[in-house]
Amino acid sequence: MTGLFTAVFSGFLLAAVAPWVHRLAPRRSGWILASLPLALTAYFVLHIGPIAEGAAFRAGFSWIPFLGIRLSFLLDGLSLLFCLLITGIGTLVVVYSGGYLKGHPELGRFHAYLLMFMASMLGVVLSDNAIALFVFWELTSLSSFFLIGFDHERAAARAAALQALLVTGLGGLALMAGLLLMGRIYGSLELSRMMAEGSGPLQSNPLFLPILILVLAGAFTKSAQFPFHIWLPNAMEAPAPVSAYLHAATMVKAGVYLVARVNPLFAGSPFWFWMLVGAGGVTMLLGACLAMVETDLKRILAYSTVSALGTLTLLLGLDTIRATEAALAFLLVHGLYKGALFLTAGAVDHGAGSRNVAELGGLRRAMPITALAAGLAALSMAGIPPFFGFVGKETIYQAVLGSSAARGLVTSAALLANLLFVAIGLIVGIRPFIGALKETPQHPHEAPVDLWIGPLLLGAIGLAAGLVPGAVGHDFVLRAASVVMDRTTETHFSLWHGWNTAVALSLVTFAAGLTVFAARHPLSRGFARVSGALAPVGPARGYFRILDGTIGMARGVTRVFQSGYLNRYLLFVLFTTVGLAGYTLFFRARLSWPEEVLHVRFYEAGLVAVMLVAALTAIRSRARLVTVIALGVVGYGVSLLFLFFGAPDLAMTQILVETLTVILFVLIFYRLPQVIVLSRSAGMRLLDASIALACGGLMTALVLTAVRVQWRPSIASYFSEHSLSLAKGHNIVNVILVDFRGFDTLGEITVLSAAGIGVYGLLKLRSGRGEAP
Amino acid sequence: MEILLAFLIGGLYAAGFYLVLGRSIGKLIVGLVLLGQAANLLIFTAGGLTRAHPPIVPEGALEAQPPFADPIPQALILTAIVIGFGVLAFALVLVDRTFQRVGTYDTDDMTSTDA
């Protein structure tokens with residue numbers, strides 16, 4: 001089954017070359033590039049039959065074997081439903097983009113992002129490995145970031161892109177943590193392996209609740225559940241095809257997909273039930289109410305998408321067969337009509353130059369095909385028979401009526417959301433096209449074929465699916481539902497179930513929906529007043545508060561640590577070193593007084609005393625020459641110590657270097673001004689001195705500890721044995737330097753040459769460019 | 001003797017750190033030299049002290065007769081001394097150039113990367 005790999009990775013490949021394809025055929029690039037999603041749609045359509053019969057397709061190979069990460073794909077009923085949505089709507093959206101952004105200088109780049117998104121999204125719904133799923137998941141967030149910020153010269157687009165990335169990206173990280181914990185519990189990162197083990201190991205684990213919260217954090221941020229819904233309306237900064245594709249039909253459903261996919265592992269837990277039903281219910285109502293407040297076509301649609309996502313979450317939370325079927329049927333319904341409505345909103349914007357519902361009216365004559373497409377989609381959204389939206393709504397009512405808990409509350413919420421949906425559908429899909437023609441910024445004209453073919457097809461499919469609900473239900477919904485519920489189901493979908501409560505609710509919905517539509521202006525003002533009053537405590541404000549807080553904290557930390565003062569940098573470094581190394585030395589290593597191997601001779605003690613006094617003089621002295629002499633005394637003292645303890649080579653080198661050092665110091669110091677008194681306040685000096693003394697004390701303790709550790713036999717005997725026999729040298733130190741470790745010495749010479757060139761360069765620079773400015 | 005040297009090394013380190021923490025960039029270089037000396041002595045002492053027996057194979061013998069000083073720390077230090085000198089020469093010229101360029105001798109005035 002290499003087909004699944006090809007299906008996922010061909011999108012990435014085409015994305016990589018899309019800008020060049022666009023350059024070759026700028027006018028037809030949308031049609032050309034759409035051939036890939038079209039081919040993929042055909043590929044997945046071929047799987048409908050076998051999967052409806054219960055087959056599943058797998059492909060996989062080792063990716064990072066030692067971490068147990070495989071790139072494994074699984075195509076089952078649930079993935080197939082999503083794959084068809086992704087590739088099918090993807091085809092239409094790519095075509096649409098070519099027309100919508102015709103002549104845009106960055107259209108090639110846009111195509112690349114769009115195809116990259118499509119491939120990533122296919123990866124999300126096909127991955128069977130948790131890590132692979134996470135990687136594709138984040139890739140969709142990334143492509144969404146690029147697409148929202150596509151018009152990157154506008155600050156609003158950039159801010160919206162960043163917000164979407166931060167919210168979904170942070171949720172993605174939480175998801176990764178949750179998935180890794182699940183991997184630890186099950187001993188495998190393969191989702192199908194976890195499903196095979198069942199929910200037992202997970203639900204009996206003490207980490208169950210944290211894992212549940214982490215996984216849901218990922219799902220809720222991605223699927224814009226309250227209070228993370230704020231990014232979705234802002235994401236409308238993206239061009240219309242992006243809103244239709246990512247932020248209505250597919251990407252925002254990734255969270256819903258995740259919940260559906262892992263449902264068999266979490267289902268049965270009351271937390272799972274209440275988190276999904278609670279967040280879903282609140283999101284469903286909030287989204288529908290806020291949609292009524294907006295006047296911009298795309299923002300209305302965005303909030304109604306939020307509401308739809310809430311509905312899906314709520315339904316999956318109910319965790320009954322009927323509710324799951326309702327969720328998956330509604331997923332399909334919503335993908336079709338919402339994609340179409342976003343695309344027609346873009347076409348209206350394109351044709352009439354406005355997206356404000358108050359400014360639009362009577363466009364049916366100028367834009368008949370767009371009006372037809374929008375009307376089909378709107379009727380499906382309103383749930384009018386015989387559209388598939390009607391089937392979806394009926395199933396939802398049956399599902400909420402069958403809820404095991406809070407039936408009245410859930411049913412009323414669903415009723416409320418649905419009647420608002422009727423009104424919203426009329427506002428965005430019907431109202432702009434009927435009535436008297438209103439004055440628009442642009443003389444309205446019909447959109448080109450690229451722009452109407454997509455929405456028209458989606459609207460038509462919504463109608464066609466409603467005419468054959470049994471076949472659609474059987475082939476798409478039931479197989480997907482059986483994956484979510486982990487058992488097979490054989491419910492029959494039809495337009496007419498006879499007179500029952502669901503039908504009664506539907507009738508109420510239409511009637512109330514029409515009333516709400518008629519009373520939309522006062523209602524909208526009322527909602528606006530409430531949402532305005534709640535804004536200061538709302539999540540939108542909270543996002544900025546957190547963002548500003550984070551930036552403020554980063555600025556504070558930077559101001560403290562990146563002060564620009566050498567003194568302060570060193571204080572931090574030294575303080576940390578003393579703290580950490582000192583702690584280890586005093587509490588971990590048993591610090592004790594070493595045994596003296598050699599007794600102190602009087603001249604050695606005298607030498608040490610002289611050196612310490614010289615070091616002190618180097619600190620205290622204000623005169624440059626005295627400082628240099630004091631430094632010299634320390635250096636010559638060190639060479640004497642080398643001499644006393646069997647290191648004549650070191651002594652010789654040290655004496656030579658010391659002499660050169662003194663000469664250099666004298667040369668340079670005489671170029672600097674005579675007397676400069678630079679001292680800090682007494683308090684600062686005390687701080688410097690105490691840190692310096694602490695460091696000195698630490699080094700003393702280190703030496704005292706180190707001398708107790710003597711490795712016997714030392715490798716010195718090797719050099720002693722072979723110095724003469726192999727390298728023909730009597731002086732072992734010299735032999736090590738030029739023979740055994742000859743390359744080290746080569747490196748040393750290189751460093752010296754580099755330093756020499758540096759010195760030369762700095763001196764030449766002075767004579768070349770004259771004195772300081 | 002090790003204890004005495006341990007305190008000498010500690011003293012040199014303390015003096016070196018105090019100087020690099022100070023404001024004068026000239027003293028900073030002096031501090032760097034002191035830190036270098038202290039580090040060399042630390043390696044030397046930690047490697048074990050042997051009085052007056054350099055690691056040299058006597059004439060006529062095939063290998064050095066114990067006790068003899070460990071040649072490995074010595075080889076390391078020899079490299080360190082020379083490298084230290086190279087760094088010092090570079091640092092000194094750099095300080096000189098810095099003074100010519102920014103006209104200050106005070107590290108507290110050098111808080112930005114722009115001269």
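This is a predicted model: local features need pLDDT of at least 70, side-chain atom pairs count only at pLDDT 80 or more; totals for chains, interfaces and linings use all residues.
Which residues does A:Met284 touch, not counting residues up to four places away in sequence?

Residues are numbered from 1 along each chain as its sequence is written, while chains are lettered from A and ligands numbered from 1 in the order in which they are written.

**View 1. Surroundings of A:Met284.** A:Met284 touches A:Ser307, A:Gly310, A:Thr311, A:Leu314, A:Ala413 and A:Ala417 (contact: C-beta atoms, placed from the backbone, within 7 Å). A:Met284 counts as buried because it has 30 C-beta neighbours inside 10 Å (buried: 20 or more other C-beta atoms within 10 Å; exposed: 12 or fewer; partly exposed: in between). The C-alpha atoms of A:Met284 and A:Ala417 are separated by 6.5 Å, although these residues are 133 residues apart along the chain.

**View 2. Helix α15 of chain A, residues 270-293.** A:Met284 lies in this helix (helices are DSSP runs of H or I, at least four residues, numbered from the N terminus). Because 17 of the 24 residues are buried, α15(A) is largely enclosed by the rest of the structure.

**View 3. Chain A against chain B.** Here 93 residues of chain A are in contact with 80 residues of chain B. On the chain A side, α30(A) gives the most, with 13 residues.

Note on methods
Helices (H or I, at least four residues) and strands (E, at least two) are DSSP runs, numbered from the N terminus. The expected span of a helix is 1.5 Å times one less than its number of residues. Two residues are in contact if their C-beta atoms, placed from the backbone, lie within 7 Å.
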